[in-house]
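Here are my notes on the model you sent. They go from the overall fold to the cores and then to a few backbone details.

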Amino acid sequence: MKLILFGPPGAGKGTQATFIAEKYNVAHISTGDVLREAVKNQTEVGLHAKSFMDKGELVPDSVVIEIIKQKLSSLDSMKFMLDGFPRTVPQAEALDTMLGELGVNLDVVVFLDVDDEEVVQRIMKRQELENRQDDTEDVVRNRLNVYREQTSPLGEFYDNKGILKKINGIGSVDDISERINEVLLAIV
Ligand code: AMP
C-alpha cells in the first residue's frame with residue numbers, strides 16, 4: 001500500500017501514523033521527524049531548516065523533496081506512508097514525478113479533518129507533554145495560517161485525482177483509527 005496521511009498540524013497524524021505503520025506494515029516516512037533529527041545532529045540541512053521550523057514556516061521545497069527522494073529510493077519494497085509530505089502543490093507535483101519514475105501510483109490520501117479550535121487546544125496540550133519548540137501559541141497560529149494557505153489546496157489536488165478520503169478527526173484515538181481502518185481495509 002502507498003498512502004499519504006494529510007491534515008492540519010495537531011490533527012493526530014503522528015499517533016495514527018504509528019498505528020497504520022504497524023498494522024499495515026508500511027514504512028513510515030515523516031519529513032518532520034527527519035528534519036528534527038537533522039536539527040538535533042546539527043547537520044547542514046538541520047541548521048538551515050531550524051530557522052524555518054522555529055517560526056512555524058515551511059522548510060524550502062527543494063530540501064524536503066530531496067529528503068523524500070532519498071527515503072523512497074532506500075525502501076526495500078514500495079509500501080510506504082508519507083506523513084507531513086507533501087505540504088505544497090510543488091511538493092505534490094515533485095512526488096508525482098518521483099512516483100512516475102519508480103513506476104508506482106498512490107493508493108489513497110487519508111485526510112484527517114479537524115477544525116482550528118480543536119487543533120490549537122491539542123497542540124497546547126502537546127506543548128505541555130513534549131515541550132516541542134515549535135508549539136508555542138504564536139508559532140501554532142502561524143503554522144495554521146501556513147497550512148491554510150499552502151497545504152490545504154492539496155485536498156483539492158488529490159480529490160481531483162479521485163484518491164482523497166476524508167476522515168472525521170474528532171473523537172478518541174481508537175474511534176479515529178477505526179475510521180481509518182474502514183478506508184484502508186477496502187484498499188488492501
Ligand atoms: P511536522 O512534524 O510534520 O509538523 O513538521 C514540523 C516542521 O517541519 C514544520 O512546521 C515545517 O517547518 C517542517 N516540515 C515538515 N515537513 C515539511 C514539508 N513537507 N515541507 C516543508 N516543511 C516541512
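1. Nine helices and five strands make up the secondary structure of the protein chain. In sequence order the pattern is β-α-β-α-α-α-β-α-β-α-α-α-β-α. Note that this is a predicted model.

2. The radius of gyration of the protein chain is 16 Å, and a compact globule of 188 residues would have a value near 16 Å, so the two agree. The C-alpha trace spans about 40 × 40 × 30 Å along its principal axes. Among contacts between residues at least 6 apart in sequence, 74% join residues at least 24 apart.

3. Of the 188 residues, 45% count as buried. The accessible surface of the protein chain is about 9800 Å², and carbon and sulfur atoms account for 46% of that surface. The chain carries 22 positive and 32 negative side chains; the centres of the two sets are 2 Å apart.

4. In soluble globular proteins, nonpolar side chains tend to be buried together. Here the largest nonpolar core holds 31 residues, and Leu72, Leu95 and Tyr158 have the most contacts inside it. At least two residues of this core come from each of strand E1 (2-6), helix H3 (44-55), helix H4 (61-73), strand E3 (80-83), helix H5 (89-102), strand E4 (108-113) and helix H8 (153-159). H4 gives the most, with six residues.

5. The peptide bond joining Phe85 and Pro86 is cis, with omega about -5°.

6. Asn25 has a positive phi of about 55° and sits in the loop between helix H1 (13-24) and strand E2 (27-30). Its relative accessible area is 55%, so Asn25 counts as exposed.

7. Gln42 also has a positive phi, near 50°. Gln42 is placed in the loop between helix H2 (31-40) and H3. With 59% relative accessibility, Gln42 is exposed.

Key. Residues are numbered from 1 along each chain as its sequence is written. This is a predicted model: local features need pLDDT of at least 70, side-chain atom pairs count only at pLDDT 80 or more; totals for chains, interfaces and linings use all residues. Side-chain values use heavy atoms; hydrogens and water are left out. Helices (H or I, at least four residues) and strands (E, at least two) are DSSP runs, numbered from the N terminus. The radius of gyration is taken over C-alpha atoms; the globule rule is 2.2 Å times the number of residues to the power 0.38. Buried means under 20% relative accessible area, exposed over 50%, partly exposed in between (1.4 Å probe, protein chains only). Contact means heavy atoms within 4.5 Å. Accessible areas come from the Shrake-Rupley method with a 1.4 Å probe; for residues, only the protein chains shown count as cover. Lys and Arg count as positive and Asp and Glu as negative; His and the chain ends are not counted. The place of a charge is taken as NZ of Lys, CZ of Arg, CG of Asp or CD of Glu. A nonpolar core is a set of buried Ala, Val, Leu, Ile, Met, Phe, Trp, Tyr and Cys residues joined through side-chain atoms within 4.5 Å.
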